Every structure is written in structure tokens, then in C-alpha cells.
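Look at the sequence and the structure before going on.

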Amino acid sequence: WKRAIDSGDLSTKVVVTPTVVVTAGTASVMRAYARASGDEIWSSDHDAWRALTAGEQLIFGVSTSAIEARDEASGAVRWTTPATDTQAHLAVERGWLIVGDGGLLTAYRAAQSIFRLHRIDGLWKIAGFVGCLPLEASR
């Protein structure tokens with residue numbers, strides 16, 4: 001299959017999961033296509049996506065003001081949390097979403113944003129929740 005992406009958006013990012021292909025860019029909405037057929041399944045209600053990744057049956061995107069976790073199959077927003085307006089980098093590993101944003105490295109539990117650890121001066125510090133497991137404990 002072949003699909004045209006939003007013309008003129010040179011910032012378009014692409015992620016692939018076992019079931020969907022997702023595109024998003026700074027001047028285009030996030031769109032999910034069925035991996036097998038190329039049919040559009042869902043799209044976001046806004047553009048301005050600065051970063052995009054996938055894992056844990058979720059699609060993660062960073063817009064100008066928030067990090068969003070969307071259900072891979074439906075596009076429903078599972079959780080959102082504020083983000084700075086600086087360049088963001090994302091990675092998903094072993095149930096964690098790692099975000100490099102504005103000189104700060106933050107770890108979120110991928111399934112829910114309430115578990116947050118910040119890497120500051122070489123130390124992991126808990127933000128907003130007491131009793132969070134360190135990253136090494138989740139292996």
C-alpha cells in the first residue's frame with residue numbers, strides 16, 4: 001500500500017508497531033494506518049508534534065505543551081502530562097517512557113503517568129509520588 005502524508009511537513013516522524021504505522025509532524029496531525037492495509041484508523045485532533053515513539057501498545061507524542069499517551073488501536077488519549085516547549089526525545093523500554101526534555105531526563109511508567117522519576121545531578125529523584133521503584137527494579 002501507499003499513502004500520501006501531509007504535504008510540506010518536512011518534520012514528519014514515523015513509528016511502526018505490529019498493527020499500525022503512525023505519522024505525525026509539527027505541521028500535521030498524528031495519523032494511524034493499519035499496517036496490513038494502509039487504511040486510516042484514527043487521527044489526533046491537533047498538530048504540532050515534536051516527538052513520537054511507540055511501546056506497550058501505546059503511541060507517545062510530545063506536542064507544544066504536553067506529552068500524550070494514546071491507545072495504539074483506537075487513538076484514545078490514555079494519559080497526558082505537561083511538557084516544556086524545548087526539543088524532546090523519547091524512548092520506551094521495559095514499561096517505562098523516558099523523556100529528555102529541556103535538559104531534564106524524566107521516567108514515566110508507560111501505562112500511567114503518575115510514577116515519575118527525574119534524573120538531576122546524577123541522582124534519580126521521585127516527583128509527585130512516594131514509593132516509586134527505581135528503574136533497575138523493573139528489570
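Q: Is aspartate 71 buried or exposed?

A: Buried means under 20% relative accessible area, exposed over 50%, and partly exposed in between (1.4 Å probe, protein chains only). Aspartate 71 has 17% relative accessibility, so the residue counts as buried. This is a predicted model, where local features need pLDDT of at least 70, side-chain atom pairs count only at pLDDT 80 or more, and totals for chains, interfaces and linings use all residues. Residues are numbered from 1 along each chain as its sequence is written, and side-chain values use heavy atoms, with hydrogens and water left out.

Q: Which side chain meets aspartate 71 in a salt bridge?

A: A salt bridge is a side-chain nitrogen of Lys or Arg within 4 Å of a carboxyl oxygen of Asp or Glu. Here the partner of aspartate 71 is arginine 78, at 3.2 Å from N to O. Arginine 78 is partly exposed, at 46% relative accessibility.

Q: How many salt bridges does the structure hold?

A: There are five. One of them joins aspartate 45 to arginine 70 (3.9 Å, N to O). Aspartate 45 is exposed, at 69% relative accessibility, whereas arginine 70 is buried, at 5%. Glutamate 93 and arginine 94 also form a salt bridge (3.5 Å, N to O).

Q: What is the nearest side chain of opposite charge to aspartate 9?

A: Lys and Arg count as positive and Asp and Glu as negative; His and the chain ends are not counted. For aspartate 9, the nearest is lysine 13, 6.5 Å away. Aspartate 9 is buried and has no salt bridge.
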